[in-house]
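Please look over the two chains below. A few questions and answers follow.

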Amino acid sequence: MAVQKNTSAIKSQPKHLLGIQNLSIQEAKKILEEAKAFISLNRSPSKKLDTLRGKTQINLFFEPSTRTQSSFDLAGKRLGADVMTMNVGNSALKKGETLIDTAMTLNAMHPDIIVIRHQDSGAPNLLSQKVNCAVVNAGDGRREHPTQALLDALTIINRKKTIEGLKIAICGDILHSRVARSNIYLMNMLGAEVNVIGPKTLMPKSIERLGVKSFTDMKKGLDKCDIVMMLRLQNERMQGSFLPSKREYYEFFGLTPEKLKFASKDALIMHPGPMNRGVEIDTKLADDINVSLVKEQVELGVAVRMACLKIYCK
Amino acid sequence: MKEKILINARIIDPSQKMDEKGSIIIDGKGKIKMIGKNVKKSDAISSSEVIDLKNYIVIPGIVDMKAFVGEPGYEYKENFRTLSQAALAGGVTSVVTMPNTKPIIDNVSMVDFIIRRGRDKASINLFPCASLTREISGNEMSEFGLLSKKGIIGFTDAIKTVQNTETMSKIMDYASDIGVLIMQHVEDYELSKNGCINNGEVSTRLGLEGISYIAEKIIIERDLSLLSEFPCRYHINQISSKDSLDVIKRNKEKGLKFSVGVSINNLSLNENDIGDFKTFLKLSPPLRLEDDRTSLVSGIKSGLIDVIVSDHTPEDEEGKRLPFAQAATGAIGIETLLPLALEMHHNESLDLTKIIETLTINPAKILKINKGTIKKGSDADICVFDLDKPWAVKGDDLKSKSKNTAIEGRKLQGKVFMTFLNGDLVFKSK
């Protein structure tokens, strides 16, 4: 029997979602529009569609993740795709297999879309050069986390109708945060003014070149802000070389009801999670449904990821 | 060997302040017999071979002060034969090789090995360095005296820096007595930890850990401080930033004697060239801002920087096809050293003579070798090039065993036409 020829070489190049930096405003708006339609679906009793029936989605997670991974998992399943999740942190790569080798192996299984989370910045870009399917970045190093920014945008739009004209503050460990970077690009693109606030040791060099104002003082940085995005401070960075102590950080950069008063009267709080209560945010504030959007972010995350999978999985 | 006469060439030899149309006679022993505008065809014996070099420039064979040859241990990256071919195709006739091989060149028997191996396999003049510290560990100094007697030209930990100030002061103190050349890679590891590119806008955008210019500056400050106490022959392998240059200027003005190198990469590229994670541009020291690059060029002009090196670092594809942070550091460059340096002549930022000086007589003087000159009586190591010939760099066409060029696709002007080693024509471009 003749073996069927592999025609993948003549297929047109798939589009990837590698970062907000590579996204046009039209593309971003299209994702947000699509996602809106999925919000109500996700709240209805029957959540399953067959949009991606017959398609294979591989979640390739080199770094542990709970919410992003389960969100992508659920999003794929709700669209009817066959979803396979690989936690590579403890398998082949530990045996010396390179990212490229893993990519080639997976590529041979003909997936339609690969969702990748990797500890190294740029890993999704490298992967996208070596596979024939679409690649969606679920977070790479400290570079980008595009679906997080998109779900943040959707959450804001859901509450404030539009992002245009808003003033948004991003506070905390900007240096190590891919969430901060993706949000800076996206919020700027959608017409917001962005402030970043954090201690100098956690502020990346030349951050203003990304189109933000940077502050080391919460009072100044939060002034007239409509949205306050708090970032997670990694445990290992709380003590020693970046900061003197957890206490000192909370004193100057932890979000408390008092500090929130510096922002605009109807300001809302966001956090990509998981939260360090009592380190970057007061625990009561985090749970206050009148100001905290944390639960909504998680909910709308599924809708945004469904929209991304639908658009990029072709 | 038959006597040769090269005629109608423009001869540029900064060692004798020569830039003139003239002829060169190479005697039967491969030495320069006569050179200059007054040499006539009739000065050569009638049976000599006449080579007409109309429209070409003749300079001394290039001396490259920093190249990595894969032998021993990394033959899959480069070997003496492939390095020689690449060097000669770039007009380089003398190469200082780095000791960070496997095993490391830090003892007398390894020196015997590489000198023998080089003699058998290489077709260029090799000047091997041994490591500054045993096993490049940064702890104990190597046997400077014994290794020098065996033919070691200088001591360097190649891509590593002696971090311990006490060790460094002892090294310089000891070296100042016996007169050996110390060549330091300048990088503070605590400050450069995990870093892979310049700390700046590009590292912020790409989400990569940056290396601050301070990591380089602080070691230069330290070493020059020590040098004023222990005046030894001290050379900084490569600098990359404007700030380092400021420190060097201050110290040279105070009268401190030392020499400084720069890689051709830092003179012709900046951090923006890294683009979307081009691992071939992951270099050490890293590419920095355009402002740094232009400062380095003016550093050459003002004489603060003495030599340009290729920093030839062959790496195979496997080492480069990785996420940026994990990818190997370094790029090949020995074959494109001169053509890329000529860019600075074509864009009028440097005099041609100055460029040639940093590639020939300056490194030879620092190394105290009789190279980098084509004065009467010296070895006929000669590079002949076409100053204006346009071409585009294609990694696959380069002679090095590894193809990791940092300037793939770059359009250059100027190409090596012929290379002579001890009077023999060892390379001719097609």
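Reader: What pLDDT does chain A average?
Author: This is a predicted model, where local features need pLDDT of at least 70, side-chain atom pairs count only at pLDDT 80 or more, and totals for chains, interfaces and linings use all residues; side-chain values use heavy atoms, without hydrogens and water. Residues are numbered from 1 along each chain as its sequence is written, with chains lettered from A and ligands numbered from 1 in the order written. The predictor's confidence in each residue, pLDDT, runs from 0 to 100. In chain A, 93% of the residues score at least 70, and the average is 92.

Reader: Where in chain A does pLDDT stay under 50?
Author: Where pLDDT is low, the predicted coordinates should not be read in detail. The stretch in question has one contact (heavy atoms within 4.5 Å) beyond four places in sequence. It covers residues 5–10 of chain A.

Reader: What pLDDT does chain B average?
Author: In chain B, 100% of the residues score at least 70. The model scores ipTM 0.90 and pTM 0.93. The chain B average is 97.

Reader: What area is buried between chain B and chain A?
Author: The contact takes 22 residues from chain A and 18 residues from chain B. B:Thr204, B:Arg205 and B:Arg321 supply 35% of the area that chain B buries here, more than any other three residues. Buried area is the accessible area (1.4 Å probe) that two parts lose on being put together, summed over both. Carbon and sulfur atoms give 50% of the total, which is about 1700 Å².

Reader: Which residue of chain A meets B:Glu201 in a salt bridge?
Author: A salt bridge puts a side-chain nitrogen of Lys or Arg within 4 Å of a carboxyl oxygen of Asp or Glu. The rule finds two across this interface. In one, at 2.7 Å from N to O, the partner of B:Glu201 is A:Arg209.
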